[in-house]
Amino acid sequence: MSGYLPLTDADREAMLEAIGVGSVDDLFEQIPEGVRFDRALDVPAALPEAALVRRLEELAARNADTSRELSFLGMGIYDHYVPAVVDTFLSRGEFLTAYTPYQPEMSQGVLQAIFEYQTAICELTGMDVSNASGYDGTTVAADACFMARHHTGRSKVVLAEALHPQVRQVVKTYAPGFGMEVVEVPHDGGTTDPARLAAASADAAIAIFQQPNVFGCLEPAPDLAAAAAEGGALPVAHVDLASLGVLEAPGRYGCAMAIGEGQSIGNYQSFGGPHYGFLAARGEFIRRMPGRIVGETTDLEGERGFVLTLQTREQHIRREKATSNMTTNQTLLALAGLITLCWLGPEGLRELGETCAALAAYAKERVPLALAFDRPTFKEVAFRTPVPAREVVARVREHGVHPGYPLGRDYPGLDDVLLVALTEKRTPADVDRLADVIQEVTR
Amino acid sequence: MEVIFEKSKAGRRAGRVPAYDLPAAEIPADLARARPPRLPEIPESELVRHFTALADRTFGIDTGFYPLGSCTMKHNPRVNERAAAIPGFRDLHPLQEEDGAQGALEMMWELQQILIEVAGLPAVTLQPAAGSQGELTGLMLMRAAFAERGEHGRTVIVTPDTAHGTNPASVTMAGFELAKVATTDRGDLDLEDLRAKVDDRTAGLMLTNPSTLGLFDEGIEEIARIFHDRGALLYYDGANLNAVVGRSRPGDMGFDIVHYNLHKTFSQPHGGGGPGAGPVAVTRALEPFLPAPTLVRDGDVFRLDHDRPKSIGRVRGFAGPFAVFVRAYAFMRAYGPALREMSDTAVLNANYLLARLRDVYELPYDRLCMHEFVLSARTLKREHGVTALDVAKRLMDYGIHPPTIYFPLVVPEALMIEPTETEPKERLDAFVEAMRAIAAEAASEPDVLKDAPHRRPVRRLDEVKAAKEPVVRFAFEEQEAPDRIETG
């Protein structure tokens, strides 16, 4: 009997007797004989806890995590510092082991935390409403397309090619089900040309661009938003929360929605998940939002309280007419985001952006490679490599340094471009080391 | 209780960010932030107290019994948390070269092998982020398979009237039409109604088995025949898989596509709403269509295969919610083949509660149940004006989280109860006593139920008001945020 199971033999006997059956097997006789599984599961033998941990540590030891390799990998997931208070509260059993707060009187804490998260996301993005989180930075883009489809009645999706390739791939996977088609606008020298975006946006439901974009370059975001709107498409910015202490909020430059991957604020890298996608919009879109939304209300005695609200949007009420099929979301990861934002405060968020940007500027000076694009940047810099970037990565890694992402993996024309990410956890000395190793391997 | 924004005072802070002796980077003026976001300014001590107070006002499975039907609220073993926090997992970048991620990929491979054995289907993707995304993925797989066969006329998905709301919502999002099938008096799918609704336009069925009534569909073999004979496919919603692990396999029942909820059956904590994971298993015939990349084993080396020309594409970023995989893997390895005893105990616990409550609450389907069951408070409503909602709210005063209520829709005043294998007999007995006491209160002092709860941090909340005048963010005082403070 597994240590996770609580019944004694005596309990079991008493319970079977109360039910009026002779054995546990009798309970499964309701399963037709032809579909009963009557052998033992062929899975590895049970491990006691100490042996289990040994097995897991053995597996983990074969991964080159960022405590073992000096890493400049980014491209959507970043090695930012996660404050200790995040660990404290994500291991509080009440937050960790609660379900979706359907019964608000049992769940005021998590409901209030989501309300505070929604407020923080609105402040960062300059929007009026935020949901309680989406799965990740890719699926919130598909959600935005579904909203735009119903808001505009149009079926065309415009994506900047400088939007993260995985975001574009997910939108393309979802689009046929929505009855939508996708067109992409190529970049010009590392950023998106507003005139080309405007042309593509005619008759489109939505135009999504990324700020800073996937090459690390700062897009002319206000011009792109205006260009999309000119064609009648909803302008949507895919943004990095860690940039929003220094970069303008999408709501301030005319976007209808702001979306993105929240990992950079409060989540570990965890080989890609789970993290939280955020989706915020202008107030007029509130009834088309997917997923949970928490609202303020009062109780019988007039005291303030919080509940899941506008549930008539949702699948458990509206079924096939719902705004989304989403039920499980990423609340715990969003809570980590909220705690981190509160820990940073407005000054800390600004300093975070300034430190990353200063390190990136220093890397531009120090790394002995040409810049791939002559554009302003935030925390990632694309360098041109003299040999294919994959080779540079392989050679640099032999020195215990991971220099970044070879963009040729996703952009066939950019085989000689290396994307280097700088977070506040790297130091100027780390950048010097990167520069020295690159110097050595490209000599 | 104050929201954290009300505790803010200008000039305070908790965290400090490293500042290096470097020149400031230039951000073009038209792209730079004009006004800082109004995040709270609060010292770490007060931040900790705030979130401690919020935790205190939240009820988790760690706090007490949580028989929320359909949600499988089982204990979340703490070694799983330790596992997910090992730096080699936690601090691994998803775009790390495969030679630097072999341990992660091998763990995912082993997890896939266990999932394959549990479902009785040969191929699996770990990518979907949640059960409902698994559903959508499954429907996309159907569309891709029929498109390849040139059968573009298959546009209809059949679901029972007991289905979770996610099923019909997924049908819409995937671009299919919905056909609903009735439930018989015994709680099974109505085969006659079903036969009338399956034709050449049918793409497939979405079914939860055991159903949301907690009943194993006795006609499952015939159901599978009806669809397969018409060339249609069967999708298994794994929400209730906790009932049958090691006892019956969806693949053996005739399902072509299965999703698992790692956050239900395999103990990923629910986190107040998420995260989850919704891996999908399929038949060999459907394997080419699985989301890319897929995980491949070449001898002792594991890699991600992006070259999948027939794939429906990517449904989520990277290789899926990895830390959920670590926890589920740890859970499964702790059990081994005794996973079957997990389901045995879940079913035993549910039937015990059913046996002890059936004389005080109405039982709409008089059968043994699987891992959960549905009672009705209809009699209490008729006789005393007390609703399922009132019963649920009153349970809170007994320190028990209410069951799922008003679902499935085919049962009026439904109370859907799922104890899981976690609960010892004494917890079950305490629940029985509470439910029986509440039924007695309904007769003797119904107002105590109608005003419940009485012993929570708030009284009953006005949900209608919240929806009518939505307040979904804190209302700062009507002043613009102060101009950015230049600190030199």
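So, helix α10 of chain A, residues 221-230: its buried residues are Ala221(A), Leu224(A), Ala225(A), Ala227(A) and Ala228(A). By buried I mean that 20 or more other C-beta atoms, placed from the backbone, lie within 10 Å of the residue's own. Helices here are DSSP runs of H or I with at least four residues, strands are runs of E with at least two, and both are numbered from the N terminus. Just after the helix, Gly232(A) has a positive phi of about 85 degrees.

Quick housekeeping. This is a predicted model, where local features need pLDDT of at least 70 and side-chain atom pairs count only at pLDDT 80 or more, while totals for chains, interfaces and linings use all residues. Residues are numbered from 1 along each chain as its sequence is written, with chains lettered from A and ligands numbered from 1 in the order in which they are written.

Which residues does Ala144(A) touch, leaving aside neighbours within four places in sequence? They are Ile206(A), Ile208(A), Val236(A), Met257(A), Ile259(A) and Leu279(A), where contact means C-beta atoms, placed from the backbone, within 7 Å.

Over to chain B. Strand β5, residues 233-238, has six of its six residues buried, so it is largely enclosed by the rest of the structure. Leu233(B), Tyr235(B) and Asp237(B) point one way, and Leu234(B), Tyr236(B) and Gly238(B) the other. β5(B) pairs in the parallel sense with β4(B), residues 202-207, over four bridges; pairing takes at least two DSSP bridges. There, Gly204(B) has Leu233(B) as its bridge partner. β5(B) also pairs in the parallel sense with β6(B), residues 257-260, over four bridges, and Tyr236(B) is partnered by Val258(B).

Last, the contact between the chains: 176 residues come from chain B and 171 residues from chain A. On the chain B side, helix α11, residues 339-357, supplies the largest share, 12 residues.

Methods
Contact = placed C-beta atoms within 7 Å. Buried ≥ 20, exposed ≤ 12 C-beta atoms within 10 Å, placed from the backbone.
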